[in-house]
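Let's walk through this fold together, a few quick questions at a time. Have the viewer open and follow along.

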Amino acid sequence: MPTSHKISLNLNGNPVEATVASHTLLIDFLRDGHALHGVKRSCEMQVCGACTVLVDGRPVSSCTMLAVDADAAAVVTIEGLGGPDDLDPVQAAFLEHGALQCGFCTPGMILAAKALLASDPRPKRAEIEHHLNGNICRCTGYQKIIEAVESLART
Ligand code: FES
Ligand code: FES
């Protein structure tokens, strides 16, 4: 039984090849292996959504996914979405609506919202709330987060 595996994936638009141990979690591959610290570690049990990344466009808790299972996938972290000079529309909406305070949940929240808007560009409020209910925010009370996503659904 192999204890390490060669994987090839697309990470934030760039081809990446790596050898990973069988037990390496995607969160560790991203944070420790690629310094992508926008991927936040909190509950480590698929409850809080802080570690959310997009895998082939789907929001995934990277704390419970093995890196080897990302082989051949396209993985996007918040760093791959946009930077200070070229914010993604979802990032810009969060900023405009004041939808963050400490910012710890924000990368995962934005990526979850991004996936929702990609699958349904005009989600209703109830759908936004349902889709984001796996992402916990300890600061904002959620109202401004919902408003930010709603503003994108209107445009
Ligand atoms: S750290 Fe992964 S869901 Fe909480
Ligand atoms: S802004 Fe602090 S946890 Fe959401």
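Two residues are in contact if their C-beta atoms, placed from the backbone, lie within 7 Å. Helices (H or I, at least four residues) and strands (E, at least two) are DSSP runs, numbered from the N terminus. The model is predicted, so local features need pLDDT of at least 70 and side-chain atom pairs pLDDT 80 or more, while totals for chains, interfaces and linings use all residues. Residues are numbered from 1 along each chain as its sequence is written, with chains lettered from A and ligands numbered from 1 in the order in which they are written.

Q: Which strands do the buried residues of α1 pack against?
A: Buried means 20 or more other C-beta atoms within 10 Å of a residue's own (exposed is 12 or fewer, partly exposed in between), with C-beta atoms placed from the backbone. In α1 the buried residues are Leu26, Ile27, Phe29 and Leu30. They pack against β2 (14-21) and β3.

Q: Which residue just after α1 takes a positive phi?
A: Most residues other than glycine have a negative phi. Just after α1, a positive phi of about 55 degrees is taken by Ala35.

Q: Is Asp56 buried or exposed?
A: Asp56 sits in the loop between β3 and β4 (58-61), and its phi is positive, near 50 degrees. Because Asp56 has 12 C-beta neighbours inside 10 Å, it counts as exposed.

Q: Where is Ala72?
A: Ala72 has a positive phi of about 70 degrees, though it is not a glycine. With 10 other C-beta atoms within 10 Å, Ala72 is exposed. Its place is in the loop between β4 and β5.
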